[in-house]
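Please keep the sequence and the structure in view while reading.

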Amino acid sequence: GTILDAGCAQGVFLMHFKKQFPDSKVVGIDTSAELISKSRKLNIPHSKFYKRDFLKIMGKYDLVFASGVLGYYDNFINPLNKLISLTKKGGKLFIFSHFNSLNIDTLIRFRNNFNSNKWERGLNSFSLFTIRKFLKKKKTNFKILKFDIPINLRKRENPIISYTINTLKNKKMILSGSNLRLEYFYLIVNK
């Protein structure tokens, strides 16, 4: 089948996907020329990588993946509608993102003084309530699954990169150097 990874970064997900499904044709899209260059160097068979904004592409795919993408947008409606529209009838859309389990949507700007002095995006969080309400109104067939990380992530030199701590109940909590606790979920849309 045909696979799209919207926001593919360095292409590592598609590399692992192709190992499991070698006959698939994969396309990776990202707005970073540097990341697309790294993706192309992986030399994944039957793959194409493009420096583009997925909001501006056309086509239909059997499977669409978007990991960590919605947090870059102040309003999730256009990107989510676009991801759904890129999914073929009978196909699936898989979104992996941090969502808020409480009914609070947040818009966040941060400046990572470790490597830049400019304000950045990528940590916006929409509530599960908001996402469910939107998809139900569209009469979309979907499910949301909580992601519980099974491994420890160590702190890195770059403080914005997520890491884990163990809670008193021996669960892992994902944090970032932006002083945020992040709850991750899978949003799966069946078309």
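Contact means heavy atoms within 4.5 Å. This is a predicted model, in which local features need pLDDT of at least 70, side-chain atom pairs count only at pLDDT 80 or more, and totals for chains, interfaces and linings use all residues. Residues are numbered from 1 along each chain as its sequence is written, and side-chain values use heavy atoms, with hydrogens and water left out.

**Helix 3**

Helices (H or I, at least four residues) and strands (E, at least two) are DSSP runs numbered from the N terminus. Asn-81 is found in helix 3, and once its neighbours within four places in sequence are set aside, Asn-81 is in contact with Phe-134 and Lys-138. The C-alpha atoms of Asn-81 and Phe-110, which lie 29 residues apart along the chain, are separated by 26 Å. Asn-81 counts as partly exposed because its relative accessible area is 26%, where buried means under 20%, exposed over 50% and partly exposed in between (1.4 Å probe, protein chains only). In helix 3 (residues 77-85), Pro-79, Leu-80, Lys-82, Leu-83 and Ile-84 are buried, and the buried residues of this helix pack against several elements, among them strand 5 (87-100) and helix 4 (128-137).

**Nonpolar cores**

A nonpolar core is a set of buried Ala, Val, Leu, Ile, Met, Phe, Trp, Tyr and Cys residues joined through side-chain atoms within 4.5 Å. Of the 29 residues in the largest nonpolar core, Leu-80, Ile-95 and Leu-187 touch the most other members. Helix 4 supplies the largest share of this core, 4 residues. A second, separate core has 9 residues, including Ile-3, Ile-36, Ile-44 and Phe-65. Leaving out residues up to four places away in sequence, Leu-187 touches Leu-80, Ile-131 and Phe-142, among others.

**Second largest pocket**

On a 1 Å grid over the protein atoms alone, a pocket is an open set of points with protein on both sides within 12 Å along at least five of seven lines, and lining residues have an atom within 4 Å of a point. The second largest pocket has a volume of about 270 Å³. Of its 13 lining residues, the closest to the centre include Lys-146, Phe-147 and Asp-148, while strand 9 gives the most to the lining, with 3 residues. The lining is divided by class below.

| Class in the lining | Number of residues |
|---|---|
| Nonpolar | 6 residues |

Methods
1 Å grid on protein atoms, 1.4 Å probe; cavity = no way out; pocket = protein on both sides within 12 Å on 5 of 7 lines; lining within 4 Å. Points joined across faces, edges and corners; volume = space filled by probe spheres on them. Nonpolar A, V, L, I, M, F, W, Y, C, P; charged D, E, K, R; others polar.
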